[in-house]
Amino acid sequence: MNTTGAEALIRSLEKKGVEIIFGYPGGSVLQIYDLLRDSSIKHVLTRSEQAAAHAASGYSRVTGRVGVCLATSGPGATNLITGIATAYMDSIPLVAITGQVSTDMIGKDVFQEVDITGATAPFTKHNYLVKDVKELPRIVKEAFYIASTGRPGPVLIDIPKDVAAAVFEYTYPERVDIRGYKPNYEGHPLQIQKAVKAINRARQPVICAGGGVVSSGCHNELLKLAEKCKIPVAMTLMGLGSIPGEHELALGMFGMHGTYFANKAVSQADLIIAAGARFGDRAIGKRDKFAPNAKIVHIDIDPAEIGKNIDTYIPIVGDLKRVLAKILEGTEEVKEREWLNTIKKLKTEHPLKYEKSEKLKPQFVIEKLYQLTRGRAIVSTEVGQHQIWTAHFYKFSEPRRFITSGGLGTMGYGFPAAIGAQLGRPEERVITISGDGSFQMNLPELATALENNLPIKIIVLNNGTLGMVRQLQDFYCNGRHSCVDFKFVPDFSRIAESYGALGVRIQREDEVEDALKTVLNSDKPAVADVIIDSDEKVFPMVLNNSPLSEMIGGY
Amino acid sequence: MKHTLSVLVENHPGVLSRIAGLFSRRGFNIDSLAVGTTEVPDISRMTIVVNGDDYIVEQVKKQLNKLIDVIKISEIDPVNSVTRELVLIKVNADTSSRSEIIQIVEVFRANIVDVNKDSMIIEVVGDEGKVNAMQELLSQYGIKELVRTGVIGLNRGPKTIK
């Protein structure tokens with residue numbers, strides 16, 4: 001059947017089961033948008049391309065499906081970049097489609113031309129410039145395959161205008177076969193045996209659960225292993241929700257802003273089982289002092305992560321779900337473990353805490369939010385102090401409920417990601433916990449939320465400053481604050497009202513509960529502008545070049 | 001320590017830039033890089049000489065393997081292999097020095113491929129050691145221009161990396 005390239009694209013996307021595209025139109029994608037009008041695929045028009053990429057990423061994080069975003073050539077494409085890089089750092093499957101100028105104009109610096117495949121090569125899993133329309137169906141199929149298999153990640157397809165218009169005989173390929181891409185899913189049986197032995201012998205084991213637990217969907221296997229062998233579980237920021245936050249074996253987050261007991265447990269462990277965690281710099285503290293007494297079992301789908309940051313005693317390359325299931329079979333059940341008493345003592349003697357004062361404390365607001373939602377919301381955050389407070393005080397009961405930019409640390413991510421999350425899971429309550437700095441980066445997306453009737457709740461922890469940077473300046477610049485305090489901060493509740501959303505302002509502790517209830521019970525998008533203590537810091541904190549066991553504050 | 005990697009890649013436009021980009025953004029140093037097509041028309045072979053310790057080379061291999069366009073990587077055995085590089089050297093050569101240079105060329109089994117009244121172009125094929133020795137000897141006459149192809153190589157024996 002003869003179709004144009006644009007038709008072939010839409011058909012291939014429909015065939016892949018794509019139900020939603022986040023995008024922004026433009027001159028190089030006219031044909032594609034023309035066909036989207038009549039397609040079964042829903043298009044969500046964001047207010048900037050960056051938000052489209054973040055929304056696709058939020059959609060992917062809650063549903064586990066591939067998120068799709070679409071933008072025109074040139075500035076449309078470059079605006080996607082932050083979203084693509086964010087997805088790359090957190091291994092989120094995304095297919096980004098960009099328009100491109102006509103093939104005969106490429107390289108001539110024509111209007112809205114940019115080399116987007118060149119620009120995104122460092123932070124896409126793969127990308128394509130489609131030069132021959134006949135290759136388009138295969139490329140679309142490959143892009144989804146590459147994005148969603150192995151270690152997931154973003155793939156970009158750049159489609160020149162003339163390729164979208166070209167007519168050809170469309171056939172959709174049955175199979176994908178890429179000779180340079182064969183992910184290894186089955187862990188090596190000998191290595192698995194070694195890991196089982198190490199676990200059976202360990203006296204003080206700790207599981208370090210990362211984002212791989214979420215993407216491989218192995219939280220059940222992980223929980224079973226932890227319970228069977230009585231192994232406490234520390235989580236990375238990306239791994240929160242790997243086991244229920246209130247579980248007695250859960251240690252919360254470890255790392256630069258880890259809990260006291262997680263960091264101590266990791267530092268005292270004799271065996272670390274890193275499950276889909278890459279030992280990122282924010283998670284391990286001073287590298288050569290990380291878990292000094294521990295042997296390390298490192299399970300990851302990406303062979304390049306093994307031995308990259310930390311030397312590994314037993315490396316296992318494979319799909320975490322399959323590997324953990326096999327480890328689970330081999331391990332002996334543990335009845336009593338002395339180590340757990342040590343952990344329990346650490347937890348009760350040094351819980352997460354904060355000092356109350358006259359001023360409203362952000363941690364209190366998050367605790368209240370946790371109570372009122374009974375831990376059942378999907379919570380996205382931006383990046384900064386509020387992100388870590390959320391990681392500490394909102395206990396996630398399962399994976400795919402905490403949506404945050406962990407690797408790239410992208411301010412402006414949380415709110416558009418919440419838009420994608422709400423569209424992916426319409427039945428869930430979606431909340432964004434934000435700061436006044438981050439919220440101002442993608443604030444215009446309020447219009448997208450209103451337009452699509454998305455009852456997202458935005459809790460702006462407003463301290464009138466870029467709190468995390470300010471805190472860093474306190475520690476590393478002798479308290480000399482440079483360019484972090486805003487001289488002007490708008491009233492976010494009134495901004496919300498002008499969009500037709502609900503806006504409330506919270507300034508005192510005794511207002512919090514009622515105001516949050518009003519916000520949560522509203523069927524509209526709602527913004528709570530919460531004026532908090534601007535001197536509040538994120539604790540515990542591990543300073544640069546300190547081992548995880550040396551923390552300051554907060555316990 | 002130098003390691004020579006033989007890398008089979010898809011013969012697509014843009015593959016070279018992906019590989020070069022990977023080296024620069026991960027901070028790996030390329031000593032030399034030679035690319036050409038192979039006996040299979042849609043596969044190219046790159047021979048990359050990397051300078052680094054075992055950790056670096058391990059990382060280089062793993063990161064290269066992550067590129068979808070990279071089909072296979074193997075390391076050229078430093079002992080049991082044949083490696084060659086071709087170099088063209090334009091060297092000052094007037095009547096007084098010409099015969100000396102010709103002697104050097106003969107000793108090294110190199111070729112003179114162009115002569116004029118002030119200079120000549122010498123073609124040397126060999127492993128890195130030979131090429132470096134030749135270059136050093138000729139430098140006394142004044143090297144006007146020099147171009148190297150970069151090392152290429154194959155492991156000895158019937159084994160292939162396909």
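How many residue pairs are in polar contact between chain B and chain A?

Author: The model is a predicted one, and the count between chain B and chain A is eight residue pairs in polar contact, both residues being at pLDDT 80 or more. Three salt bridges are also counted between chain B and chain A. One salt bridge between the chains joins A:Arg179 to B:Glu10, with 2.7 Å between the closest N and O atoms.

The contact as a whole brings 17 residues of chain B against 18 residues of chain A. Together the two chains bury about 1500 Å², and carbon and sulfur atoms account for 46% of that area. On the side of chain B, the residues that lose the most area to chain A are B:Arg18, B:Lys66 and B:Ile68, which together make up 42% of what that side buries.

Next, consider the elements of chain B that take part. At least two residues each are supplied to the side that touches chain A by helix H1 (15-25), helix H2 (54-66) and strand S4 (70-76) of chain B. The largest share, six residues, comes from H2(B). By class, the side of chain B that touches chain A holds eight charged, six nonpolar and three polar residues.

B:Lys66 leads across to chain A, where it is touched by A:Arg151. A:Arg151 is found in the loop between helix H6 (136-148) and strand S7 (154-160) of chain A. Leaving aside residues up to four places away in sequence, A:Arg151 also touches residues of chain A, among them A:Lys125, A:Arg278 and A:Glu305. The side chain of A:Arg151 makes a polar contact of 2.9 Å with the side chain of A:Ser91, and another of 2.9 Å with that of A:Asp302.

Chain B itself may also be considered by its parts. Its domain assignment gives domain 1 (2-76) and domain 2 (81-152). Seven residues from domain 1 of chain B and seven residues from domain 2 of chain B take part in the contact between them. These two domains bury about 480 Å² between them, 61% of it from carbon and sulfur atoms. In domain 1 of chain B, 54% of what that side buries belongs to B:Ala34, B:Thr47 and B:Ile76 together, the residues that lose the most area to domain 2 of chain B. The count between the two domains of chain B is one salt bridge, and two residue pairs are in polar contact there, both residues being at pLDDT 80 or more.

Methods. Residues numbered from 1 in each chain as written. Chains lettered and ligands numbered in written order. Predicted model: local features only at pLDDT ≥ 70, side-chain atom pairs only at ≥ 80, totals over all residues. Heavy atoms only, no water. Domains from an automatic or database assignment. Contact = heavy atoms within 4.5 Å. Buried area = accessible area lost by both parts, 1.4 Å probe. Salt bridge = Lys/Arg side-chain N within 4 Å of Asp/Glu carboxyl O. Polar contact = N/O pair within 3.5 Å; in protein donor to acceptor, adjacent residues only side chain to side chain. Helix = DSSP H or I, 4+ residues; strand = E, 2+ residues; numbered from the N terminus. Nonpolar A, V, L, I, M, F, W, Y, C, P; charged D, E, K, R; others polar.
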